Amino acid sequence: MCGTPRTYSCGFILVNGRGYCMMNWNKAEFYACYGTEKQIPPKERVEIVFSGRSNVGKSSLINKLLNRKTLARVSQMPGKTATINFYKIGEEKSNIILVDLPGYGYAKVPKTEKERWQKLIGGYFSSREIDLVFQLVDFRHPPTADDLSMMEFYAEHEIPFIIALTKADKLKKKERDERRASLEQEIPYDNVTVVEFSAKTGEGIKELQGIIKEIIAFEPNQK
Ligand SMILES: Nc1nc2c(ncn2[C@@H]2O[C@H](COP(=O)(O)OP(=O)(O)OP(=O)(O)O)[C@@H](O)[C@H]2O)c(=O)[nH]1
Ligand SMILES: [Mg+2]
C-alpha cells in the first residue's frame, strides 16, 4: 500500500507514513448548545475549547477560524455567549467540535448567574478529556486573576492549553514589545505556546489553524 493515500473522515490523509490534514475550514455548522450541566452529553468527538473572560474575543476567533462572520454570535456587550456552544467543522462525517464557552469575569453578572456558570463549566470539564484549550487573554492587559485561575485549573488537571493573545490590532509595536516582555513574568508556565491574534486583521490565524490540524492529526481514528 506504499504511496497510496489513506483518507480519514476528519480530513487527515496518510501518505507514505506522513500525515497531512485537509481540513475544510469553510464547512462548519452550529451543532448544539447547553445551558445546564445535565444537558451536556458524553464526549464522542475531538473537542477544542475556547476559554476566556467576557468580551475577550472567543466567538470572534471561532468565526475567523471558520471564515464566517456570524456563525458564533459576537457582541460589544459582555456576556453574549451564555451557553456552551458546539460548532462542528469539516466534512459531514467529521468529528471535530469547536467549543465556545461562556465568558467569565463580567462584574455586572448577578451572583446566581455566576453560580450557574461555575456549575456548567465545572460539569463540562469534569465529564471529559479535553483535546486542547485555547485560553484567550487580551493582549493589551495583564492576565486577570480569573485568567490565571483558569490556567491553573488546566495545568492541575493536565488539560493541554495554549494562549491566544487577542485584539493584537489594537496595540502599537512598542506596546506589543512591552506586553510581550511583561507576559513572560505574568504567565507562570514555561513552554506554553503563545500566539498573537487579531480577528480584525487575521494575524495569527494560520498558526492557530496549524495547531488545530496537529491535534486532529493525532486523532486519525476518530470517526
Ligand atoms: N479590534 C478588535 N476587536 C475584536 C477582536 N476580537 C473581538 N473583538 C471585539 O470584541 C467584542 C467582543 O467579542 P466577542 O467575540 O463577542 O467576545 P467573547 O469572548 O465571545 O464574549 P462573550 O460571549 O461575552 O464571552 C466585539 O465587539 C468584537 O468585535 C479583535 O481581534 N480586534
Ligand atoms: Mg462569545
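Author: Let us begin with burial: a residue is called buried if 20 or more other C-beta atoms lie within 10 Å of its own, exposed if 12 or fewer do, and partly exposed in between, with C-beta atoms placed from the backbone. Helices (H or I, at least four residues) and strands (E, at least two) are DSSP runs, numbered from the N terminus. By these criteria α1 is mostly covered, eight of its eight residues being buried, and the residues concerned are K58, S59, S60, L61, I62, N63, K64 and L65.

Reader: What kind of model is this, and how are its residues and chains labelled?

Author: Residues are numbered from 1 along each chain as its sequence is written, while chains are lettered from A and ligands numbered from 1 in the order in which they are written. The model is predicted, and local features need pLDDT of at least 70, side-chain atom pairs count only at pLDDT 80 or more, and totals for chains, interfaces and linings use all residues.

Reader: How many helices and strands are there in the protein, and what percentage of its residues is buried?

Author: The protein has five helices and ten strands, and of its 223 residues 32% are buried.

Reader: In what order do the strands of the open sheet lie?

Author: Strands of a sheet pair through backbone hydrogen bonds, either parallel or antiparallel. The criterion for pairing is that DSSP finds at least two bridges between two strands. Here seven strands form an open sheet with mixed pairing, in the order β4-β6-β7-β5-β8-β9-β10. Its edge strands, each of which pairs on one side only, are β4 (28–34) and β10 (194–196).

Reader: Which strands does β5 pair with, and over how many bridges?

Author: β5 is joined to β7 in the parallel sense over five bridges, and four bridges join it to β8, again running parallel. F50 stands opposite D100 in β7 and opposite F134 in β8, while V49 stands opposite V133 and S51 has Q135 as its bridge partner in β8. Both strands are mostly covered, with five of the six residues of β5 buried and six of the seven residues of β8.

Reader: What is the handedness of the crossover from β8 through α3 to β9?

Author: A crossover is right-handed if, with the strands pointing away from the viewer, the path from the first strand over the helix to the second runs clockwise. β8 and β9 run parallel and are joined by six bridges, D138 having T166 as its partner in β9. The chain passes from β8 through α3 to β9, and this β-α-β crossover is right-handed.

Reader: Which residues touch the most other members of the largest nonpolar core?

Author: A nonpolar core is a set of buried Ala, Val, Leu, Ile, Met, Phe, Trp, Tyr and Cys residues joined through C-beta atoms within 7 Å. The largest one holds 39 residues, of which V49, F50, L61, L98 and V99 touch the most other members. At least two of its residues come from each of β5 (46–51), α1 (58–65), β6 (84–89), β7 (96–100), β8 (132–138), α3 (145–156), β9 (161–166) and α5 (205–217). Neighbours within four places in sequence aside, the contacts of F50 include L61, I62, L98, V99 and L136.

Reader: Where is N67 found, and what is its phi?

Author: N67 is found in the loop between α1 and β6, and its phi is near 55°, a positive value in a residue other than glycine. N67 is partly exposed, because 13 other C-beta atoms lie within 10 Å. K167, in the loop between β9 and α4 (173–186), has a positive phi near 60°, and K167 is buried because 21 other C-beta atoms lie within 10 Å.

Technical notes
Two residues are in contact if their C-beta atoms, placed from the backbone, lie within 7 Å.
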